[in-house]
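Subject: Structure handover

Hello,

Here is the structure for you to look over. My notes on the charged side chains follow below it.

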Amino acid sequence: METVKFIALFVAIVLLNTNELLAQNGSTTQAFWIHEDQVKPAMLKEYEAVTKDFIKACKEHNLKDADWTTARIDGGTYLTIAPINSMADFDKNPMAPLAEKMGEENFRAIFSRFDKCYDTHRNYMVHLINDMSYMPNGLTTNTEGEDYRKWHFFHVTPQNVTNLRNKMKEIKSLYETKGATQHFRIYRNGFGSTGDYYLVVISAKDAQSYAKTSEETDKLLGEEGEKLFDDLMQYVHKYESKTGSMRPDLAYNSN
């Protein structure tokens with residue numbers, strides 16, 4: 001029990017320090033807790049089946065205060081994404097009422113099925129940074145009709161964080177000036193992440209729509225945009241991109 005309390009306190013301190021640092025940089029943020037399951041190729045169907053059974057149980061027993069969205073990255077990694085509204089969220093165990101209503105044996109049986117689907121999973125946090133994101137019609141992670149996702153990871157060493165952030169803000173300003181139709185959200189890694197990075201997330205209807213809008217944006221930004229991106233990459237330690245989609249059928253909303 002003391003170990004659990006220590007871990008909760010440590011998470012709280014890290015989260016508060018991260019939010020303070022971002023606030024000092026003039027950024028308004030929303031924190032998200034990410035649970036990542038790296039599912040075995042042979043267990044993809046079973047993983048989705050047990051996830052749907054779990055959601056069904058949540059609905060049947062009217063589980064409250066446990067909302068999440070789900071994304072699947074191509075290759076079989078699933079992300080369960082839940083917003084963190086305050087430090088009080090760390091004091092809650094939203095699954096306790098479900099375990100009580102289902103019965104401990106049935107509750108554990110579901111998670112035993114989950115455990116057979118992967119050998120590796122982890123938890124970490126990210127922070128959505130409002131003033132670095134570009135969504136002129138209103139910042140939201142719920143892009144209806146655009147479930148396709150492109151994740152761009154810009155890994156950075158500590159000494160280049162400020163330079164990279166400033167260059168990203170310059171690029172956002174150019175998007176605003178040119179009125180680019182391709183929108184993006186920027187996240188900063190938080191507690192539990194490996195290394196430092198900024199994550200740019202772009203929503204689209206599908207891969208073809210993403211490619212078309214990206215090409216149009218490149219033409220719109222022109223040489224000025226190309227130079228800014230070249231300058232930005234001077235501060236990037238490692239770049240990687242991933243594709244996937246949101247999975248509304250694997251999400252849960254208690255409202």
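First, a term: a residue is buried under 20% relative accessible area, exposed over 50%, and partly exposed in between (1.4 Å probe, protein chains only). The model is predicted, so local features need pLDDT of at least 70 and side-chain atom pairs count only at pLDDT 80 or more, while totals for chains, interfaces and linings use all residues. Residues are numbered from 1 along each chain as its sequence is written, and side-chain values use heavy atoms, with hydrogens and water left out.

Overall picture

The protein chain has six helices and eight strands. These are DSSP runs, numbered from the N terminus (helices: H or I, at least four residues; strands: E, at least two). Starting at the N terminus, the order is α-β-α-β-β-α-α-β-β-α-β-β-α-β. The chain has 255 residues, and 42% of them count as buried. Take the contacts (heavy atoms within 4.5 Å) with a separation of 6 or more: 83% of them join residues 24 or more positions apart.

Salt bridges

The whole structure holds 15 salt bridges. The criterion is a side-chain nitrogen of Lys or Arg within 4 Å of a carboxyl oxygen of Asp or Glu.

Glu 48 and Arg 72 form one of them, at 3.9 Å from N to O. This pair links distant parts of the chain: Glu 48 sits in helix H2 (residues 44-60) and Arg 72 in strand E2 (residues 69-73), 24 residues apart. Glu 48 is buried, at 15% relative accessible area. Arg 72 is partly exposed, at 25%. Both belong to a salt-bridge network that also includes Lys 52, Arg 247 and Asp 249.

Asp 53 and Arg 113 meet at 3.0 Å, N to O, in another salt bridge. Asp 53 lies in helix H2 and Arg 113 in helix H4 (residues 104-115), so the bridge ties together parts that are 60 residues apart in sequence. Both residues are partly exposed: Asp 53 at 35%, Arg 113 at 27%.

Glu 104 is partly exposed at 42%, whereas Arg 108 is exposed at 55%.

Please look at these pairs in the viewer.

Best wishes
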